[in-house]
Amino acid sequence: NKMPELYTGWFNDQIAKQASTAVAKAVSAGKKKIEVQFPPVPNVEEAKFGTPLNQKFGKTIVSGDLGFKGGYKPGSEISRNLIAYANIYWAKKIAGAARGGPLGGPACVLSSEQVNFKSISKYGDLSRKGSVGS
């Protein structure tokens, strides 16, 4: 028997598929307040140090999917704030699951973390416009 690979879910869309399925089911059940939680990067506790796995995730997944201007390089905006940009990446991956329900349209993404939205060129189903529900 082969030992399961712990971090492949961040790289092969497994986490995105599971989260999207959960959100879609919640939306179809009429839920309007939905919270999905999981570590946004592999080895999240090591993200400040920038482990090789964090760097790989930032370079190959987050930067490319968001169309980050300038890409992922040591010392770049995205490498210094990987968790913040990873949260935007996951919001983008999961947003499509909420489109068919009462929430409709693009999902508005908010961040309390330092994020330069002008550096992102691929928003997908995300929007920077809209109202925040209470």
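Reader: Which residues do ring pairs link into a cluster?

Author: They are F11, F38, F57, Y89 and W90. Rings of Phe, Tyr and Trp (its six-membered ring) pair if their centres lie within 6.5 Å. Planes under 30 degrees apart count as stacked, over 60 as edge-to-face and the rest as tilted.

Reader: What should I know about the source of these values?

Author: This is a predicted model, in which local features need pLDDT of at least 70, side-chain atom pairs count only at pLDDT 80 or more, and totals for chains, interfaces and linings use all residues. Residues are numbered from 1 along each chain as its sequence is written, and side-chain values use heavy atoms, with hydrogens and water left out.

Reader: How many aromatic pairs are there by this rule?

Author: The count is seven aromatic pairs. One of them joins Y7 and W10, with 5.8 Å between centres and 40 degrees between planes.

Reader: Why is the pair of Y7 and W10 called tilted?

Author: The angle is 40 degrees. Stacked needs under 30 and edge-to-face over 60, so the pair falls in the rest, tilted.

Reader: What makes the pair of F38 and W90 edge-to-face?

Author: Its planes stand at 90 degrees, with the centres 5.0 Å apart. Edge-to-face asks for over 60 degrees, so the label holds. The pair also links distant parts of the chain, 52 residues apart. F38 sits in the loop between α1 (14–28) and α2 (52–66), and W90 in helix α4 (residues 82–95). Helices (H or I, at least four residues) and strands (E, at least two) are DSSP runs, numbered from the N terminus.

Reader: Which residue lies over the face of F11?

Author: K56 does, at 5.0 Å from the ring centre. A charge sits over a ring if NZ of Lys or CZ of Arg is within 6 Å of the ring centre and within 35 degrees of the ring normal.

Reader: Why is α4 called largely enclosed?

Author: Because 10 of its 14 residues are buried. Among them are L82, Y85, I88, Y89, W90 and I94. The buried residues of α4 pack against α1, α2, α3 (77–80), β1 (107–108) and β2 (126–127).

Reader: How does the span of α4 compare with the expected one?

Author: α4 reaches 20 Å from its first C-alpha to its last, close to the 20 Å expected at 1.5 Å a residue. The expected span is 1.5 Å times one less than the number of residues.

Reader: What makes D13 and N43 stand out in phi?

Author: Most residues other than glycine have a negative phi. D13 has a positive value, near 70 degrees. N43 is also positive, near 55 degrees. D13 lies in the segment before α1. N43 is in the loop between α1 and α2.

Reader: What does V44 touch beyond its sequence neighbours?

Author: Leaving aside neighbours within four places in sequence, V44 is in contact (heavy atoms within 4.5 Å) with P39 and I83. V44 lies in the loop between α1 and α2. Its relative accessible area is 29%, so V44 is partly exposed.

Reader: Why is K17 called exposed?

Author: K17 is at 56%. The cut-off is over 50%, so K17 counts as exposed. K17 is found in helix α1. K17 and I94 are 77 residues apart in sequence and 8.1 Å apart in space, C-alpha to C-alpha.

Reader: What is the confidence across the chain?

Author: The chain averages a pLDDT (the predictor's confidence in each residue, from 0 to 100) of 84. Of its residues, 87% score at least 70. Where pLDDT is low, the predicted coordinates should not be read in detail.

Definitions and conventions: Buried < 20%, exposed > 50% of the residue type's maximum accessible area, 1.4 Å probe, protein only.
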